[in-house]
Amino acid sequence: MDTNKFINRHAGIAAGDIPSMLQTIGAESLDQLIDQTIPQDIRLNKTLNLPEPMTEREYAEHIAELASRNQVFTSYIGMGWYDTVCPAPIQRNVLENPVWYTSYTPYQAEVSQGRLEALMNFQTAVCDLTGMPLTNCSLLDEATAGAETASMLYVTRNREQVKAGDNVLFVDNNVFDSTLAVINTRMKPQGIQVVTGDYKTFAFTGAGVFGAIVQYPDANGSIEDYREFVGRSKAAGVRVGVAADLLSLVILTPPGEWGADVVFGSAQRFGIPMFYGGPSAGYMATSDDYKRAIPGRIIGISKDSHGHRAYRLALQTREQHIKREKATSNICTAQALPASMSGFYAVYHGAEGLRNIALRIHYYATFLSGELEKLGYRQINKDFFDTLKVELPAHVSADALREIALECRVNLRYFDAGQVGISLDETTLPTDVGVLLYIFAGAAGKDYTLESEITQQVGFDGKFLRTSGFLQHEVFKKYRTETELMRYITRLGRRDVSLAHSMISLGSCTMKLNAASELFALSDPRFQQIHPYAPEDQVEGYRELIGNLSACLAEITGFRGVNLQPNSGASGEYTGLRLIRSYQESIGQGHRDVALLPASAHGTNPASAVQCGYTTVTVNTDANGNIDLQDFREKAEAFRDRLAVTMITYPSTHGIFEADIRLMCRIVHDCGGQVYMDGANMNAQVGLTNPGFIGADVCHLNLHKTFASPHGGGGPGVGPVCVAEHLTPFLNANPVAAAPFGSAGILSVTYAYIRLLGAEGLTEATRIAILNANYLAAKLKDSYGIVYTGTTGRVGHELILECRKIKERSGIDESDIAKRMMDFGYHAPTLSFPVHGTLMIEPSESESKAELDRFAEVLDCIMSEIKEVESGIASKEDNVLKNAPHPEYEVTATEWKHPYSREKAAFALDWLHDGKFWVNVSRVDNAYGDRNLVCRLQD
């Protein structure tokens, strides 16, 4: 093995494994298998034009050189991003720990108790600080949370407002521009009119207003008293959403105490680097009235089958996978890893520590304001937390001030009207305050030396001061030392299955290796500490990385333009559809409003289409799992004059390459529509075919699937959109995230993946992914059965196990099989999607033959246990499957009530004695958790 080639470290299959795997499959060569799997007419006839692959050492030197071209200035720009201190034990034990960053969304609660608890801590902190009783466990960013707030307020209008057609959303002038931009993007297709103005003078009478949004403190940094405004809003039947700085709420009266209906914002200040814009966790907190309307996931408290406390995703029927075209949001992936880190930040500091941080920032801002007044400047904000808006004297020019500031390696905010903004943060020291005063004194032609100590003065009216307590649960009091926090994080990590433990075979999720070499840049301050609005000459490294990555993704997908802003796959879907709508409007085809979707489409597809204002039309699936071509053609023709787009996942969500894909593209184009290709399954295309070559017009990619950025337990994700040439003018027409490049910090991971593998390695990874899936299909087809295969009997990169007949024979269902797999240390495959009563498996290219064999052995063992139930050897009610999983506390208890042995429950295969993964709860009671919704820790 050539150890310099990264493909040999990334792919799990050794060259010596392939012959025996092919023999099991029944193929003579890997080339033959690929030929049998992918239709010949869509196969690329050339190698991807990508840079030569690097060794890991070469890449380390390359990324270090790029990092050196980012200049880390002290940024006081604010506007939603602030420098912060990520505590070292959190960076080391969470951000850099594969147990945390390689885990999946916690749908399977029994193997997710650690991160569920971490996210519960986050939810508790958000509820406590905002003064609201309900929150989700993160959204994509503050701007997206603002748009989700607006949409939720719209869909929850009262009967009178719906009847009257009230469709006006008021947004105060001093809400962050980035938030307003995303709100405008998201509201237009829904027929919502966004009106901006001054909250003090806005009149609700006769305006048809259903909701209002204000900022606290506002975009200028001013703390406004919204009580009278909220009173007028409520009197008019208008609900109010408040964008709030989470750290400011440590010392300011929370919006929940003065009547807000929704509070949203960002938790970036809780220990998450700026990363040139992201990722960090957005949040959204509401009253209990919205528990079935709030978008995103909610962590709830339930109990297991033995009555032990257990966490789980509450009210899972709210998920867009299930609601489809009835969805009110298309949110799927959120920001679980940053949310967990922010939760640990709150745990580490507790109420006292957060209060010290917030007060220190505020005292420094108050002192700075007073000293600037002495130098002849006027500070405009009467009440403020951390941000000053400074009016310059007539003899001081902003250009001169900027020049001195840049010489001191300082970035300030420069308003169009000539004022200067200064937002202090957790990292600000007395010496930094001295530098700021030196800059302003120099611009005014004066000298300044900081000689006195910074006094502790409050810079806002006492009526704004928070008097209520927060973070009183014991978890926020116990872990003050690094030793205790490290052990707490480690203890939680041991409760979760991640790629550090075993293969995660989730179909349509592509849980592949997140290589250490790909992740190093995430810990580099030269990538971490960059503000998204930093001047371009300070971010040359980031800009080159972004340009190089965009070019690579365009080549891989066969397209001409790339937009990296969408910070999730669902956001990418939405962006691609809005691009299509903008294009069609530009050519006089804006009336097109029908989206043609296969029945097998991922639930976010119809959700995104509806959010874009489309009417969805579902196309049937034939008996072989393909899109029913006749039904597709008939419906395309029936809506010929209205057809805007078809959304097709390829290979299909059923795991097969459909032979008629090019014909379907032609049918839609002939009707005047566009073809949107969902990139969820791009891991089976790279290097062998691509959306552009097939005939699509636009696709999105999931960097957290195909391109190796970590799932993080439910985010961060990135969903770039790649488009054909005719769509390139509309690439940036509709902002969909707070920062210009979305979650820019994650882009370095995918860039590393592509540069390390190169064209040859990327193509080989695709071939091995298809090999692995077909190997498992061959191993399991006789015992379980494969629901769908292609015309040659092959699957793509994933396969669907037939479990429906098992239930008919034994009463054992797919959920019982999934829970039993946990006793063997495995996360369940995708459950009952896209076909109810089945399990969908995607092994990815990163798994070894030994791991695939072990996985198949587990499923064979489970099948033998099922047959024991079928034959009557095992009880139909009290058996290892119905009682799975078996936690350590049950197996080691003095009393054992089951008719089967403890050995069978916990050690059904000999290799389990060597490092068994123990679940710490038995099967979680979902119904109890939904009937008794608790989404925060009780004091």
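This is a guided tour of a predicted model, stop by stop.

**Before you start**

Local features here need pLDDT of at least 70, side-chain atom pairs count only at pLDDT 80 or more, and totals for chains, interfaces and linings use all residues. Residues are numbered from 1 along each chain as its sequence is written, and side-chain values use heavy atoms, with hydrogens and water left out.

**Stop 1: aromatic rings**

The whole structure holds 27 aromatic pairs. Rings of Phe, Tyr and Trp (its six-membered ring) pair if their centres lie within 6.5 Å; planes under 30 degrees apart are stacked, over 60 edge-to-face, and the rest tilted.

Select W100 and F344. Their ring centres are 5.5 Å apart and the planes meet at 85 degrees, so this pair is edge-to-face. W100 belongs to helix α6 (residues 98-101) and F344 to helix α13 (residues 336-374), so the pair links parts of the chain 244 residues apart. Helices (H or I, at least four residues) and strands (E, at least two) are DSSP runs, numbered from the N terminus.

W100 is buried at 4% relative accessible area, and F344 is buried at 0%. Buried means under 20%, exposed over 50%, and partly exposed in between (1.4 Å probe, protein chains only).

Now pick Y104 and Y107. This pair is tilted, with 6.2 Å between centres and 50 degrees between planes. Y104 is buried at 12%, whereas Y107 is partly exposed at 22%.

Next, select F170, Y199, F202, F204, Y216, Y226, F229 and W258. Together they form one aromatic cluster.

**Stop 2: charges over rings**

Go to R662 and F693. The charged end of R662 sits over the F693 ring, 4.5 Å from its centre. The rule: NZ of Lys or CZ of Arg within 6 Å of the ring centre and within 35 degrees of the ring normal. Then try K916, which lies over the face of F907 at 5.8 Å from the ring centre.

**Stop 3: helix α11**

Select residues 227-235, helix α11. Which of its residues are buried? They are F229, V230 and S233. These cover an arc of only 95 degrees around the axis (taken from the directions from the axis to the C-beta atoms), which puts them on the same side of α11. Their cover includes β3 (168-172), β5 (209-216) and β6 (239-244). After α11 comes G237, with a positive phi near 75 degrees.

**Stop 4: T130**

T130 is in helix α7 (residues 113-130). It is buried, at 0% relative accessibility. Its side chain reaches the backbone oxygen of V126 at 2.7 Å. Leaving out residues up to four places away in sequence, T130 touches L246, L249, P254, P255, G256, V263, Y283 and A285. Contact means heavy atoms within 4.5 Å.

**Stop 5: I694**

I694 is in helix α24 (residues 691-694) and is buried at 3%. Show L44 too: it is 650 residues from I694 in sequence, yet 9.4 Å away in space, C-alpha to C-alpha. Residues touching I694, beyond four places in sequence, include I42, Y650 and R662.

**Stop 6: strand β12**

Finish at residues 387-391, strand β12. Four of its five residues are buried. Strands pair if DSSP finds at least two bridges between them. β12 pairs in the antiparallel sense with β11 (residues 378-379) over two bridges, and with β15 (residues 420-423) over four bridges. Select V390: Q379 stands opposite V390, and in β15 its bridge partner is V420.

Terms used. Polar contact = N/O pair within 3.5 Å; in protein donor to acceptor, adjacent residues only side chain to side chain.
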